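Please open the model in a viewer and keep the sequence panel at hand. The stops below are given in the order in which they may be selected.

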Amino acid sequence: MADQAPEHHRVVIIGGGNAGLSVAGRLRREGLDDIVVVEPREQHVYQPLLSHIAGGTARASLATRPQAAVTPRGIRWVQDRATDVRPDCDSVQLGSGRTLGYDQLVVCPGIQKDWNSVPGLADAMASPAGASNYEFDLAVKASRLLRDLRRGTVVFTQPAGPASCAGAAQKPMYLACDYWRTIGVLGDIRVVLVVPDPTVFGMPLIDEELARKIAEYGIELKPQSELLEVDAGTRSVVIGRADGSVREHLHYDVLHAVPPQSAPDWLKATPLPAPTDSRGFVEVDPETLRHTRFSNVWALGDVAATRNSKSGGALREQTLVLAKNLTAAMTGAPLPKRYTGYSVCPFTVSRGTVVFAEFDDSYQPRPTIPLWTGLARERRLTWVFDRHILPWVYWHLILTGRA
């Protein structure tokens, strides 16, 4: 019997997270059909809410919905995982053994959390005292650990290198500190924040706001430091510089860690990353989001080798740019849109206020309201937007390609 011809589609999208579904919705609204989204997970997770879950300001049930329920109308969901991309023959290999051919390919499977890259970190997350707001189950665990703590040492760590909304590592810390202050135990808890950069964020305006909250809560800031080793048995960590020139040992009662991150291992082995990129991000023009070597391949979100800070907030502009450019490319027209490098990180600095950091790929302020940086100050208004309005917008507008 002859081999079955590979299944073929106009557009194949690898990844059914925020990037994949929202760009699928936009492409459908541009008039394209025969679009499939490859995504293995049955449950879709709204990642920004994990910080609120970990910090005790949102229920876990609010962060998930069935993947089938959030896939835009007119888009076919293939519940499978991509294992290889062969751009020379315009095909994607799936874990089930199926092959999908494509006219256009969009790559956005999300970023890989490299828990095993720090010795002992994976074991620490499996222990009773380890948690993180970067995984659903660990965020639920963090909520219990931080809520029940009355004394001791809590270490919060932020990874070096590209990471998905790296500043989100700090959000549960501020929420927990505000809670501990409210119940009168903050003075009995040592809070340590480990960040890889010289300052807490990298923008003077935002650094000023966050430094004020750090001083207000009595947090010990350890700049230019990384998590180097963890011993879950003794509940101790080694922090310091990656080259080993500075090392400090800390005991912890709770460790809230965010791991180093990179592109998925399967993607690193494909021709899509630049040969010199050890982290395996897809090589694209950072403005058009088109691959620099394969004209019918596109990438966006955390896995794209763009210059911006990786965040969900960057996707609104990226999905619009990619949808318009891909549609134009299919007709042979010039690419009409350029991505500006916009990104955003809302810092929940208390249980009722947010510092809203909006910036470009040079970490210069880029406020949504031109020339007004007022949202970068601690405000109640931005808390309402981040905690209550944005989740509704995400489920009802962003994932359908309407916002």
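Begin by selecting Phe 201, Phe 347, Phe 359 and Tyr 363, which together form one aromatic cluster. The model in view is a predicted one. In total, the structure holds 8 aromatic pairs. A pair of aromatic rings is described by the distance of the centres and the angle of the planes.

Next, select Lys 310 together with Phe 281. The charged end of Lys 310 sits over the ring of Phe 281, at 4.2 Å from the ring centre.

Move to helix α1, residues 18-29. How far apart are its end C-alpha atoms? They are 17 Å apart, which agrees with the 16 Å that 12 residues should span at 1.5 Å a residue. Helix α1 is mostly covered, with 10 of its 12 residues buried. The buried positions of α1 are Asn 18, Ala 19, Gly 20, Leu 21, Ser 22, Val 23, Ala 24, Gly 25, Arg 26 and Leu 27. Just after this helix, select Gly 31, which takes a positive phi of about 105 degrees.

Now select helix α9, residues 315-330. Its 16 residues reach 22 Å from the first C-alpha to the last, close to the 22 Å expected at 1.5 Å a residue. In α9, 12 of the 16 residues are buried, so the helix is largely enclosed by the rest of the structure. Among the buried residues of α9 are Leu 315, Glu 317, Gln 318, Val 321, Leu 322, Asn 325 and Leu 326.

Most residues other than glycine have a negative phi.

Select Asp 90, in the loop between β6 (82-86) and β7 (91-94). Asp 90 has a positive phi of about 50 degrees although it is not a glycine. Its relative accessible area is 28%, which makes Asp 90 partly exposed.

Then select Cys 165, in the loop between β11 (152-157) and α6 (171-183). Cys 165 is likewise not a glycine, yet has a positive phi of about 45 degrees. Is Cys 165 buried or exposed? With a relative accessible area of 15%, Cys 165 is buried, because buried means under 20%.

**The loop between α8 and β19**

The last stop is the loop between α8 (265-268) and β19 (297-299), where Ser 278 lies. Ser 278 is exposed, with a relative accessible area of 68%.

Glu 287 is partly exposed, at a relative accessible area of 33%. Which distance separates the C-alpha atoms of Glu 287 and Thr 306? The value is 8.0 Å, for residues that stand 19 residues apart along the chain.

Definitions and conventions. Residues are numbered from 1 along each chain as its sequence is written. This is a predicted model: local features need pLDDT of at least 70, side-chain atom pairs count only at pLDDT 80 or more; totals for chains, interfaces and linings use all residues. Side-chain values use heavy atoms; hydrogens and water are left out. Rings of Phe, Tyr and Trp (its six-membered ring) pair if their centres lie within 6.5 Å; planes under 30 degrees apart count as stacked, over 60 as edge-to-face and the rest as tilted. A charge sits over a ring if NZ of Lys or CZ of Arg is within 6 Å of the ring centre and within 35 degrees of the ring normal. Helices (H or I, at least four residues) and strands (E, at least two) are DSSP runs, numbered from the N terminus. The expected span of a helix is 1.5 Å times one less than its number of residues. Buried means under 20% relative accessible area, exposed over 50%, partly exposed in between (1.4 Å probe, protein chains only).
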